[in-house]
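Open the model in your viewer and keep the selection panel at hand. The stops below go from one selection to the next.

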Amino acid sequence: MKWKPVAAVLLVWTALLQPESLQAADEIETLRSVGIKAAGTIQARQARDVLVAGGSDNLVPVLKGFRGSTVLASNWLRSTFEAIADQQLKSGKGLPQAELLVFVRDTSQSPAARRLAYEWLRKESADLEEQLIPDMLLDPSPEFRRDAVSRLVGQAKAAKGPKAIEIYQSALAGAVHEDQVKVIAEALRAAEVEVDIQKHFGFLPSWKVIGPFNNRELVGFSIAYPPEKKIEIAAEYDGQLGQVSWQPIDTEDDYGVVDIGKQIENYKGSLMYATTTFRSDQARSVELRLGTPNAWKLWVNGELVFQREEYHRSTQMDQYKVPVVMQKGDNVLLLKVCQNEQEQSWAQDYKFQLRVCDATGSAVLPAGTIDDLSQTKSGN
Amino acid sequence: MKSLTTKSFFAGLCFATILPFATLNSAAAADWKQFRGDNANSVATGETLPTELSGTSIAWQVDLPGRGVSGPIVVGGQVLLTASSGYSQNRLHVLSYDVGSGELQWERQFEATGRTGCHSKMSVATPTPASDGERVFAFYSSNDLICTDLQGNLQWYRGLGEEFPNASNSLGMSSSPIVIGPTVIAQVESDAEAFAIGVDAISGITKWKIDRPRKANWTSPTILPGSGGRPSLALLQSSQGVSAVDPETGNVVWQFSDGASTIPSSTVVGDTVVIPSNGLTTIKPAADGTFEEVWNASRLAPGTSSPVVMDGMTFTVNPAGALAAGDVETGDRLWQLRLKGPFSSTPVASNGYLFFFNEDGFASVVKASRDGGEIVSELDLGEKILCSPAAANNALYIRSDQQLWKFAQ
């Protein structure tokens, strides 16, 4: 079907100007209040039933409730939306398309809620992708970005020469997923265009490492060796094999992999510490995304933010997502990486990769380098 | 027990293992309400399943969204199953199809609250859902435990991955929950954190939570039905053995401590528990909390598929695809039959036949007697199949990532 933008905007404004019913607001707040351990479940069921009985008028208000909700609570909102939408379609009444379309376009709303509305609208509007996705390359929603990048990659493959390069570079600006970046980077590099994947993703390539310290029989994970009490770059300590001191280590790997096993010593039953400083131009929430097949602990500015004692159950980019708050100025990261004593060939990996990004997966670059990557900057 | 590599691990961890939920609640006899059926033993009693698998025995097949290696379950007129989708596989689906037509009745989607990374062979939708006949309990590798009614209305939601963020496995989790009476029981066991939890089926509130051995574990709980005044017990398997747990309190009633596999799960037939331990081991629990070990047979060791018992015989498939039949009373191996493997799926046993689906989607129907086994029909579905089939209403249900099939005569 064809959308009429002007009419749609008028309808939406009309909808927005109408206050939601007080009851709907209360019921939505009840859903937003659902907590862990099934807290608030009984009330949530009742609220859901009321909202579903209210029909399509409650669709947009329910979607608005996503903003600021926990994922857990938003699943109650999602389920409520789907129950109403399903009811609308099965009864032949259809969805309030104009209102939902305006909601999808409102980037101040929850990315998950906008995507939900979009997917339901697509059940009735086959041409919606053509209409919306091209403008969503830098959308706050990773899913919309992915669709936009996918379209551009398709266009680039069909183009040739400078035009293809231009399209690939545009696509890279919005790409936040590893598989898409790989395809784009391969095409650009084949055309002899430089691509800095490390910087694109926000990997931290420069570290100082110290070790090995003893981790035989896995004892080291819970031992606080001197570096985790205080980071003194000039200090020396008794290590597992003798005196140890902080040594610089840099990686040129596209995906920021710091291979301790190769560059230091792949000593079984040991552990290493790695530290780096991230300078932030503002106080802000970020995600530290880590990949490692080894057990690990991570501190930010002296605070332990997560720890995990798992060895060699595979590794991948963004294996762990740790939300943290960066302070303005320098932020000291300390990573403890532990190796066990398994003998299998696949259990010899002793490595990690760590990047700083926002919730969409777009790089958050340290102060002083942001201007170097205009494509990612615009995506933030 | 040696650690699993990514490769060996996958050999199947799963799906066969994944699952179950055995519901002891009242329900139609033709239902298949959890992994390996209502009794969690893979035996379809009173069913007449199609033994001549062919294109004409496909009653219907439907496309599925996203990915999934969980098995289907059948409750009343519905076939219920799970899937996951999205780049990060963080979109969780619960799907209901009409048994008669295969038409999608409803679908609900949720966003995972826990980690969704897993080996490419697995899926976030690896555990098989369960039902108590009135509700569906969908569980995922992310440790999201979701309860809806049979119309898809959300009843409660437990984000166990959010509540216990270290209880995950970077290869993926596959254990399926079971239902005993009013309690949903799930094993959430990894190297970093491990527990079992009993959740009230109606409210979603935790009734009990017990620590478990901290080691990656892909087996599923099973049920030891009540007998002689002893209530039904949940059997929780791990590398250390099998613990019999009171489903109401989480108290451990007895413990088999000779070690067990972390991939294929135990099965129960009559008063005998068949455990993938040191090959294959059988024990007979008594009402007083003790048990007798009956036999141990290294030559009957299962690979990924869980053991099955039918007509007084144990059936196990080794990693090479050799089907071994053993005497359930003595542990003597009766015969072997080479099948086209490898298998992640656990076969269904019914009416003297075994129904196998290998990882390449190749189905084999084996007629089994004490004298030997005979392959009576084969069918190549051409898609990767890791889940265990469901059998209900004289039909067989199986899914790949992309398809759900119903086979009937």
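How many residues of domain 1 of chain A are in contact with domain 2 of chain A? Eight are, and they meet five residues of domain 2 of chain A. Keep in mind that this is a predicted model.

**Stop 1: the domains of chain A**

Colour chain A by domain: domain 1 covers 5-135, domain 2 covers 142-195 and domain 3 covers 201-357. Select domains 1 and 2 of chain A; their C-alpha centres are 33 Å apart. Between these two domains about 730 Å² is buried, with 58% of that area from carbon and sulfur atoms. Three salt bridges are counted between domain 1 and domain 2 of chain A, along with two residue pairs in polar contact, both at pLDDT 80 or more. On the domain 1 side, show helix H7 (111-122) and H8 of chain A, each of which supplies at least two of the residues that touch domain 2. H7(A) gives the largest share of that side, three residues. By class, the domain 1 side has four nonpolar, no polar and four charged residues.

**Stop 2: a salt bridge in chain A**

Next select A:Arg151 and A:Glu129, which form a salt bridge with their closest N and O atoms 4.0 Å apart. A:Arg151 is in helix H9 (residues 142-158) of chain A and A:Glu129 in helix H8 (residues 128-132) of chain A, so the pair, 22 residues apart, is described as linking distant parts of the chain. A:Glu129 is partly exposed, at 26% relative accessibility.

**Stop 3: chain B against chain A**

Now show both chains and select the residues at their interface: 43 of chain B are in contact with 39 of chain A. The two chains bury about 3,500 Å² between them, and 44% of this is on carbon and sulfur atoms.

Turn to the polar links. Five salt bridges cross the interface of chain B and chain A. For an example, select B:Asp191 and A:Arg313, whose side chains meet in a salt bridge of 2.8 Å, N to O. Between chain B and chain A there are 22 residue pairs in polar contact, both residues at pLDDT 80 or more. On the side of chain B that touches chain A, strand E5 (104-111), strand E9 (154-159) and helix H2 (160-163) each supply at least two residues. E5(B) contributes the largest share, seven residues. That side of chain B divides into 16 nonpolar, 17 polar and ten charged residues.

**Stop 4: salt bridges within chain B**

Select B:Glu163 and B:Arg158, whose side chains form a salt bridge at 2.8 Å, N to O. Are these two residues buried or exposed? Both B:Glu163 and B:Arg158 are buried.

Then move to B:Lys284 and B:Asp271, a salt bridge with the closest N and O atoms 3.2 Å apart. B:Lys284 is in strand E20 (residues 280-285) of chain B, while B:Asp271 is in the loop between strand E18 (267-269) and strand E19 (272-275), 13 residues apart. B:Lys284 is partly exposed, with a relative accessible area of 23%, and B:Asp271 is partly exposed too, at 45%.

**Stop 5: a network**

Finish by selecting A:Arg115, A:Glu119, A:Glu143, A:Asp147 and B:Arg91, which salt bridges with shared partners join into one network. Over all chains, the salt bridges number 36.

Key. Residues are numbered from 1 along each chain as its sequence is written. Chains are lettered from A and ligands numbered from 1 in the order in which they are written. This is a predicted model: local features need pLDDT of at least 70, side-chain atom pairs count only at pLDDT 80 or more; totals for chains, interfaces and linings use all residues. Side-chain values use heavy atoms; hydrogens and water are left out. Contact means heavy atoms within 4.5 Å. Buried area is the accessible area (1.4 Å probe) that two parts lose on being put together, summed over both. A polar contact is a pair of N or O atoms within 3.5 Å; within protein, one must be able to donate a hydrogen and the other to accept it, and residues adjacent in sequence count only if both atoms are side-chain atoms. Helices (H or I, at least four residues) and strands (E, at least two) are DSSP runs, numbered from the N terminus. Ala, Val, Leu, Ile, Met, Phe, Trp, Tyr, Cys and Pro count as nonpolar, Asp, Glu, Lys and Arg as charged, and the others, Gly among them, as polar. Buried means under 20% relative accessible area, exposed over 50%, partly exposed in between (1.4 Å probe, protein chains only). Domain bounds come from an automatic or database domain assignment.
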